[in-house]
Amino acid sequence: MNQIHIDRLITIAFLVLISASTLRAQAPASSATNVDSRIAALQQQVADAKGSADNAWMLTSSALVLMMTGPGLALFYGGLVRKKNVLATMMQSFALMALISVLWAVLGYSLAFGSGNSFIGDLHNIFLRGVGLQSDPAYSATIPQQTFMIYQLMFAIITPALITGAFAERMKFSAMVVFMILWSVLVYDPMAHMVWGKNGLLNAALGGRFPTLDFAGGTVVHVTSGVSALVCAIYLGRRLGYPKQAMPPHSVVLSVIGACLLWVGWFGFNAGSALGSGGLATSAFVATHFATAAAALGWIGAEWLRSGHPTTLGAISGAVAGLVAITPASGFVGPMAALVIGLIAGVVCYFMVATVKARLGYDDSLDAFGVHGAGGTLGALLTGVFASSSVNPIFKDSQGNPLPSGVLEGNVHQIVNQFVGLLIAWVLAIVGTLLILKVVDATMGLRVSAEQEVQGLDLSQHGEEGYYWEGSA
């Protein structure tokens, strides 16, 4: 049901209400009752139409976010590694689509979105018990809880998949599987609950103690994955030959296709986080697009000035940096603020990748920290600065009147809340990831052998090759 049909139903309902008082004054009691029942039926039709529109958008958004992992991230990361590791890299993203889905149904959703306490959900919804086709008003009154659950699952899938860029070309597949199961339960689920879940410590929409503005996952998705990626890169150590041996992407073409799919899919990621098909979704959609474009230009400009060449790899990396940075702000800022956030993100993330990584010497293979960790942190802080109550009046007084959202509106304390959210995300990611890495390393080992790394993970881990050209006769 589109918006035009909804508007027509609302207009009809209004006209019926205008004539209802006259009918009641002139008609017997039985006729007045009939009018009331017809009005009630019409109001229900309007509500059903809105629910159908919201549900259709949310199911579409769920598909878009899943597309971000496969094929989007799989192609983006797959093109950036060497040819001998392309399948292994893509397999990590694909495997997580299956692995995290099962884990989410069994346990993850309940831990992230069950009532629980300030830090973690309870076990009331394990095995999706009680997660049916009725709405949960705490999250959304117009879509089924199963729709909300499946939408949030797509976030739970892509978040650990982002980490794989940091240890690309050197972690065992078996170790990756165990690490990601533990990481999802111990890091992602608690962070998602604190920011978005009932009773969450950082939940701005439901009265958390430190209301952190994170519309679509700046802290939950990008900071946790980006910081965890840095920990993984440092713990596993550098790839053999890095940085003396050149390790260029084997196919920037694949990465461009993946980046374009990420850009499109991100509309479901950010605009879908409105949890409905109304004006807030439109605002988030617009902000996402403009920030991405500005960040691509920012990265290209900085690169052009520094090296003399605007590269394709730089352009797509900048676009992803903009998508990351606008994620927490997308539902709180207008188009001009989005342009500013994107431009800053493009320049800052380029600096992190081109300068900071080289100076510190860590081998973040595909720059998961430089883009997601740094971009997510920057975006969360800028959200606290630029958030506008005219876009999203998330804070209200006891009479329901909007209160200032960001620093520029006069809510200076919001930057403190953003820092608290970031601090928790950083500490949880560092401590949780390091603990999991040590446990997995002690029990089964994390890194492939030197011989396997030289051979490539496609053959050593999966017994197949991404490219095979049959010799001519």
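Are Arg239 and Glu169 buried or exposed? Both Arg239 and Glu169 are buried, where buried means under 20% relative accessible area, exposed means over 50%, and partly exposed lies in between, judged with a 1.4 Å probe on protein chains only. The structure is a predicted model, in which local features need pLDDT of at least 70 and side-chain atom pairs count only at pLDDT 80 or more, while totals for chains, interfaces and linings use all residues. Residues are numbered from 1 along each chain as its sequence is written, and side-chain values use heavy atoms, with hydrogens and water left out.

Side chains of opposite charge can pair when their charged atoms come close. A salt bridge here is a side-chain nitrogen of Lys or Arg within 4 Å of a carboxyl oxygen of Asp or Glu, and by this rule the count comes to 8 salt bridges. One of them joins the side chains of Arg239 and Glu169, at 2.7 Å from N to O. This pair links distant parts of the chain, since Arg239 sits in the loop between H6 and helix H7 (252–270) and Glu169 in the loop between H4 and H5, 70 residues apart. Salt bridges that share partners join Arg82, Glu169, Arg170, Arg239 and Asp363 into one network. The helices named here are DSSP runs of H or I with at least four residues, numbered from the N terminus.

A second salt bridge brings together the side chains of Asp136 and Lys198, at 2.8 Å from N to O. It too links distant parts of the chain, with Asp136 in the loop between H3 and helix H4 (145–163) and Lys198 in the loop between H5 and helix H6 (218–236), 62 residues apart. Asp136 counts as buried because its relative accessible area is 12%.

Because Asp54 and Lys50 are 4 residues apart in helix H2 (residues 29–80), about one helical turn separates them. Asp54 is buried, with a relative accessible area of 2%, whereas Lys50, at 41% relative accessibility, counts as partly exposed.

Leaving aside residues up to four places away in sequence, Glu303 touches Gly308, His309, Pro310, Thr311, Gly314 and Tyr350, where contact means heavy atoms within 4.5 Å.

Leu366 lies in the loop between helix H10 (335–360) and helix H11 (368–386), and it counts as buried because its relative accessibility is 9%. Although Leu366 and Phe76 are 290 residues apart in sequence, they are 9.6 Å apart in space, C-alpha to C-alpha. When residues up to four places away in sequence are not counted, Leu366 touches Tyr77, Leu80, Val81, Gly165 and Ala168.

Note on methods
Helices (H or I, at least four residues) and strands (E, at least two) are DSSP runs, numbered from the N terminus.
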